[in-house]
Amino acid sequence: MFKFFGEKKRLRAEVASLTQALNDANDEIQLKKAEIEELQQYIEKQKKNIKNLNAELSEKEEEIEQLEENLSQLKKECRQKENEINELQTEIDGKNRLIDSLDRTINKMQQEIDDANLRLNLISSLVSAPIKNNGAESFNQIIQERFIPFSQDHNSVIGGDMLLQLQNIVSELKMIESYPEFYQKTTIAIAGGYSAGKSRFINSFIKQNQNDKNANLAEGIEPTTAIPCYVLKSDNAENAVIGRSFKGGIAQLTDIDPDFTTKLNHHFISSFGFNLKDIMPFIFLTADIEFEHLCFVDTPGYNPAVSSQSYTDQDMQTAQGFIEDADALIWLIGLDTNGTIPQSDLKFLKEALSKNNDINLFVVLNKAGLKSAEDRQNVMNSVIENLDNAKIKFKGIECYDSIKQQSYEFQKMSLMKFLTQFNKVKNKCLDIIQQLNSIKQNCNDKINSRIEQLKNNANTVSTLSLTMYGNGNYGDDAEELLDQLKEEFNTHQLENDLSQLHTLFKELENTLPIIFGENNFDNALVLLSKQASKQASKQARSNKNPIRKSRKI
Ligand SMILES: Nc1nc2c(ncn2[C@@H]2O[C@H](COP(=O)(O)OP(=O)(O)O)[C@@H](O)[C@H]2O)c(=O)[nH]1
Ligand SMILES: [Mg+2]
């Protein structure tokens, strides 16, 4: 029984715990149910969200589709625009090329217009250039209207050479008249082949003012000196470029173009269509040069020019003419291209010196800085040998560099000494009077010797007539014949010619004070008479001392 009661009790307890557990499980189920409900609500909500999102997504997809469509349309448009841009760019490039070529044409035309203006201005200033006075023209007129007809009637008295000398005096007088300062200077012609460095050589004696281009002669590899240029120091004008007109007037070239000297090349000169030298035979450049009494003449190179437009023959003649008129000649040889004096130089020098054998020649081996001392010495020896063989006399020879302004080896005399000895005031008035006197003396001598000859002949006829008379064979016929002969040997005409010539020379001399001024002319006459009396007393001394003289001999 107890066992039953105990079992019952255990079962009851077990039922109670099971009930408890059942209750707990129920509670939990309730809890879970609530949770599930909550979850279901949540799921429901999320489903709704998803549905919304899906709707939104499909909306966005539609939008994207639309955008993609737009994008591809835009890309298409873009490609089209790119093509259009490329086409436009090609067009622009074409237009730019056209603009460039138009620019070039315009610049060229502008250049041509500038050149044409320059030419026009130059011609008009030369034509209207004022002529200071007319002394040289009066001198010329006497020669043209009186001397030339006289020489045609008496061609054995005034020969062609004398007329040529008188013409040279005219050129010199015209030059002096157009630029009076010139007549106190000693002229040194600078000559040599193209690009020997003639212009640079002269520039090397100009005290440099950096800002003033016109204070220099234009230099360059191309032949640049087409018109001979006189470079001298002036008290009245600093760094001026003055053109001398064919009529003897002067034009300020710097007023026409401030950079005028660089324009004076063969190209510009040939662009005139006629020879500019005919209306502007030379120019003056005033600069602060080291040797104040010297006037350098920058002559055109004489040998065949590289440029076909240049007046080579004229250059040659011009160079020759200026060398003849100069007091001294410096001959330049460029050591960059020469190992000795070229044959063409020797030929030219011989020809030039044949016309003026007394000219003082100095040879400069220019661009010497480009050579070693040994090379310089070898070239110098070879040049001296060639000059000696050609019998060309020279006062000195020096290696010089015009850019470095440096002297190197020399022989006989240095360049400095040569230039210094000429750097003296020159009395051109006296010079001209002496030239005139020498021509006059020449004519005098010729006429007097003819008079002398005729007088001798007349004497012979007189003696003959006396002899014939003495011998008794002096008939009427013979008398008539002898009278005719006496008339043939009459000197009246020649004496008359002589006095006419003296009058002509006096008239020529009378034009000189107009050119040089009364004072300068009078001073020159005083100097001349002093020289003459000095000469006379020297002559008298040597006549008094014939023994001393003969001893000396
Ligand atoms: N190194 C050097 N070059 C020079 C010298 N003299 C002239 N030149 C150059 O040679 C060229 C021709 O000179 P330029 O004076 O125009 O010669 P031109 O034709 O005889 O008047 C220019 O480029 C000058 O700079 C010199 O002494 N040394
Ligand atoms: Mg030159």
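The model is predicted, with local features requiring pLDDT of at least 70 and side-chain atom pairs pLDDT 80 or more, whereas totals for chains, interfaces and linings use all residues. Residues are numbered from 1 along each chain as its sequence is written, chains are lettered from A and ligands numbered from 1 in the order written, and side-chain values use heavy atoms, leaving out hydrogens and water.

Select R10 and E14 to begin. Their side chains form a salt bridge at 2.9 Å, N to O (a side-chain nitrogen of Lys or Arg within 4 Å of a carboxyl oxygen of Asp or Glu). Because R10 and E14 are four residues apart in helix α1, about one helical turn separates them. The structure holds eleven salt bridges.

Next, select L39, Y42 and I43. These residues make up a nonpolar surface patch with about 310 Å² of accessible area together (Shrake-Rupley method, 1.4 Å probe, only the protein chains shown counting as cover for residues). Patch members have over 30% relative accessible area and no salt bridge; nonpolar side chains (Val, Leu, Ile, Met, Phe, Trp, Tyr) are joined within 5 Å and like charges within 9 Å.

Then select E56, E59, E61, E62, E63, E65, E68 and E69, which gather in a surface patch of negative charge (Asp and Glu count as negative, and the charge of Glu is placed at CD). E69 lies in helix α1.

Finally, display ligand 1. Which polar contacts (N or O pairs within 3.5 Å) can be displayed with an oxygen atom of ligand 1? A polar backbone atom of R200 is 2.8 Å from one, and a polar side-chain atom of S199 lies 2.9 Å from one. Taken alone, ligand 1 exposes 580 Å², of which the protein buries 87%.

How values were computed: Helices (H or I, at least four residues) and strands (E, at least two) are DSSP runs, numbered from the N terminus. A polar contact is a pair of N or O atoms within 3.5 Å; within protein, one must be able to donate a hydrogen and the other to accept it, and residues adjacent in sequence count only if both atoms are side-chain atoms.
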